[in-house]
Amino acid sequence: MVRTVLTRIALALAVAGLPAAVLAAEAEEPPARSWPHEGIFGRYDRAALQRGFLVFKEVCSGCHSARYLRFRDLEGIGLDPDTIKALAAEYTVQDCCDDAGEPFERPALPSDRFPPPYPNEQAARASNNGALPPDLSLIVKARAGHEDYIHALLTGYEEPPAGEQPPREGMYWNRYFPGHWIAMPPPLSEGLVEYPDGTPATVEQMASDVTQFLTWLSEPTMEERKRTGIKYMLFVLVLTGLFYAYKRKLWADIH
Ligand code: HEC
């Protein structure tokens, strides 16, 4: 009896462990990096966020949408309202509708969403060899390994190991992508953007900046959440002290 139970437990554990083992064989763990926004006192680095937005705008947004980003949200990375207004006006959006009931095009406003590169999924796949570039709004939260993974993915393109063939045309070998073959061409190359603050645009720098921007995009209110947490902890600490003092006073004469 005991033996059957034990065998069953062992079997269940083996089965439960299987998918993890298979996945581990396919994807390499991204190296852990340290980020300025980590830890309870961590804050976003505004200069990195602005550089990261530039990379997103000039490179990634050619294929990826960020549907939850409105232009005015960019105040969160430190852009002022006039800059945002001018930035939005560089884009054209469809509005509904003129007096004849026809949709019309107009320059974007700060309240508009960042326009997607393709009108629909089919068009996105048609331009990307059948693969769909995912929306990047929540990508940092959506992937195991979070910002470490995104950074590793962007810098993880290599020559495939000898003898490995792409499953189909137009796929690239990446050390950190699960299964290794990815349909996204290496998006970054030395000097691809020009940073207005003069930071040299190395692949490493752009990957780090755009990853920080995407982390902010996944959780723009992180700093507020941490501040609230710290305030709450302080409150609990003070309250504990008060109750302790009260208890000492209350029980002082009772022996
Ligand atoms: C030429 C088009 C193109 C550009 C430019 C591009 N991507 Fe991609 N990206 C893709 C495609 C296609 C996929 C889907 C790949 C797949 O499923 O094999 C993808 C997938 C991804 C993924 C998801 C990987 C996963 O784990 O599923 C991330 C993250 C990503 N891209 C980030 C970026 C960032 C950041 C940039 C800008 C630096 C960028 N991409 C630029 C086409 C592009």
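Biologist: What makes asparagine 129 partly exposed?

Modeller: Asparagine 129 has 13 other C-beta atoms within 10 Å. A residue is buried if 20 or more other C-beta atoms lie within 10 Å of its own, exposed if 12 or fewer, and partly exposed in between, with C-beta atoms placed from the backbone. The count of 13 therefore makes asparagine 129 partly exposed. Please keep in mind that this is a predicted model, where local features need pLDDT of at least 70, side-chain atom pairs count only at pLDDT 80 or more, and totals for chains, interfaces and linings use all residues. Residues are numbered from 1 along each chain as its sequence is written.

Biologist: Thanks! Where is asparagine 129 placed, and what is its phi?

Modeller: Asparagine 129 belongs to the loop between helix 4 (121-127) and helix 5 (139-142). Helices (H or I, at least four residues) and strands (E, at least two) are DSSP runs, numbered from the N terminus. Its phi is near 60 degrees, a positive value in a residue other than glycine.

Biologist: Why is histidine 180 called buried?

Modeller: Histidine 180 has 21 other C-beta atoms within 10 Å, so it counts as buried. This histidine 180 lies in the loop between strand 3 (172-173) and strand 4 (181-182), and its phi, near 70 degrees, is also a positive value in a residue other than glycine.

Biologist: How do you know that isoleucine 139 is buried?

Modeller: With 21 other C-beta atoms within 10 Å, isoleucine 139 is buried. Isoleucine 139 is part of helix 5.

Biologist: Which residues does isoleucine 139 touch, not counting residues up to four places away in sequence?

Modeller: They are Pro134, Ile150, Leu214 and Ser218. Contact here is set by C-beta atoms, placed from the backbone, that lie within 7 Å. For leucine 214, 75 residues apart from isoleucine 139 along the chain, the C-alpha atoms of the two are separated by 7.4 Å.

Biologist: What span is expected of helix 2 (residues 46-58), and what does it reach?

Modeller: The expected span is 1.5 Å times one less than the number of residues. Helix 2 has 13 residues, and its 18 Å from first C-alpha to last is close to the 18 Å expected. Its buried residues include Leu49, Phe53 and Phe56, and helix 7 (203-218) is among what covers the buried residues of helix 2.

Biologist: What is the omega of the peptide bond between cysteine 96 and cysteine 97?

Modeller: Omega is about -15 degrees, and the bond is cis. Cysteine 97 sits in the loop between strand 1 (92-95) and strand 2 (104-107).

Terms used:
Contact = placed C-beta atoms within 7 Å.
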